[in-house]
Amino acid sequence: MRLDCHEIEEYLSDYLDNSLEGEVLAEVRQHLKECPSCLGLFNEIKAALSLCEVMPQLDPPARLIEQILVQTTGKYQSWGLWEYFRDLFRPLYTSPRFATGAFLAAVSFGLALNAMGFSFARLSQLKLSDFTPRAMAQGFQRTVYLTYDNSVRRLNDLKILYEIQTRIDELRTQASNQPAKEKEKPASKKEEAKPQSSASAMESMVAMLWSPPRGLAEILRPVEGVDREEKNC
Amino acid sequence: MTEPDVEIIAQARRGDPLAWEKLVGRHSRRIYNLCYRFVGKLDQAEDLTQEAFIKIFRNLGNYSPESGNFVTWIVSVTRNLLIDHYRQSKSERMTVSIDQPLDADEDFTLLDTLPAGRPSPQAEVEQKEQAALLHRALKQLSPDLREAVILRDLEELTYEEIAVVLKIPDGTVKSRINRGRVELAKCIQRMRLQFGGSMA
């Protein structure tokens, strides 16, 4: 018996399954040795079947099961607590991008809570009444006012410090220019001019510090002390 | 040890929703994969799986354990649905050309759904390409050959079970599987030649 390529094709699958015997088996073996085309096809079938074996099985989505149950019995899936949480947090462990987004959202939520006056340190002191919309709004309002107050105070402090620095620089400049003028003017006029200039500088400083912001009370105390001592003298 | 299907089926037939839920949970994977292998699209596979279970639920009273395996019965119900779907779908009748560029809806969806975690990214990409190639070749087979190959080589049903599902003699099952495998291999060969080294 002599089989052609077309006939051999029909036996290739059986040959792979080891279900050929006798003369046909010998014929197929011999043909595959001699025919590169049929051998190539045989190898391709073998490769395709190996691929079929390792093809992964897809998991049906949870919502599909849910839909099937609703469509058939009209009831939702009866989940245990663990299954419920696993499904709830499924996107977290299946998508790193979603996990990153969720983390950033949690951080933002924490910052918002903090802005509303919530503190983990005071967790044990919290009452149910602290979570009413009114209490949360008040907490938020308080934080906003405190932040605004602090910002204004610091800005004023900076303004005052800048003014003081400017005055000190002016005094220094005046002090360095004074010896040159003294040489030109007579001694009597020199004595009158010196207390006038220092007195006006001090007056302007006092005027400036007359109503200081509350935050600067500590900074200004020694300056006022020095001022009083100078006046007493 | 898991409860046998026979007891759960009996409970489900009496109208126990929990028993039905167990049956759906136990067999949904097989039916979903069968639909997906046949149509090659995830959204269609979901719709068909849903339809198949609705049909199974309505006909659960007609099933008797004496007449055969429950898995064979549900696969048979699903197969009938898939054939109906194939006949209704005009686009399915069109022969898919090898020259046609890769269809994003099919192959790339498949690539995305395959599980990750392979030994190396390159091996993973290769396996995904091979899987996409197999799916594309399967879609080019006639429905008779395609269902025979899917049931035998992907769903791993026995020849006898396939004969029951397809309602054809054992000899015809064998012949279809043989022809299906040869056609599948030839399709893959042609596609490898067409796409060159990228698919090899």
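Reader: Quick one first: when is a residue buried, and when is it exposed?
Author: A residue is buried if 20 or more other C-beta atoms lie within 10 Å of its own, exposed if 12 or fewer, and partly exposed in between, with C-beta atoms placed from the backbone.

Reader: So what share of chain B is buried?
Author: Of the 200 residues in chain B, 36% are buried. Keep in mind that this is a predicted model, where local features need pLDDT of at least 70, side-chain atom pairs count only at pLDDT 80 or more, and totals for chains, interfaces and linings use all residues. Residues are numbered from 1 along each chain as its sequence is written, while chains are lettered from A and ligands numbered from 1 in the order in which they are written.

Reader: How many helices and strands in chain B?
Author: Chain B has 10 helices and zero strands (DSSP runs numbered from the N terminus: H or I of at least four residues for helices, E of at least two for strands). Along the sequence the pattern reads α-α-α-α-α-α-α-α-α-α.

Reader: And what percentage of its contacts comes from residues 24 or more positions apart?
Author: 62%, counting the contacts with a separation of 6 or more. A contact here is two C-beta atoms, placed from the backbone, within 7 Å.

Reader: How do α2(B) and α4(B) cross?
Author: Their axes come within 11 Å and cross at roughly 30° (lines fitted to C-alpha atoms over the stretch in contact, angles running from 0 to 180 degrees between N-to-C directions). That makes α2(B) roughly parallel to α4(B) (under 35 degrees is roughly parallel, over 145 roughly antiparallel, 65 to 115 roughly perpendicular, the rest oblique). B:H27, B:I31, B:L34, B:C35 and B:F38 of α2(B) make the contact with B:I74, B:V75, B:T78 and B:L82 of α4(B).

Reader: What about α2(B) against α8(B)?
Author: There the angle is about 140°, with the axes 10 Å apart. α2(B) and α8(B) are therefore oblique to each other. From α2(B) the contact uses B:L34, B:R37 and B:F38, and from α8(B) it uses B:R146, B:E147, B:I150 and B:L154.

Reader: Switching to chain A: which residues of α4(A) are buried?
Author: A:I68, A:L69 and A:T72. Seen down the axis of α4(A), they fall within an arc of 95°, so they line one face of the helix (the arc is that of the directions from the helix axis to the C-beta atoms).

Reader: What covers them?
Author: The cover includes α2 and α3 (42-58) of chain B. Take A:T72: it is buried, with 20 other C-beta atoms within 10 Å. A:T72 touches B:W20, B:F53, B:I54 and B:F57, leaving out residues up to four places away in sequence.

Reader: What comes after α4(A)?
Author: A:G74 follows α4(A), and its phi is positive, near 75°.

Reader: Last one, α1(A): which residues are buried there?
Author: A:I8, A:E9, A:L12 and A:S13. Down the axis of α1(A), these sit within an arc of 145°, so they line one face of the helix. They pack against α2 (22-34) and α3 (36-54) of chain A together with α10 (170-195) of chain B.

Reader: And what follows α1(A)?
Author: A:N18, with a positive phi near 60°.
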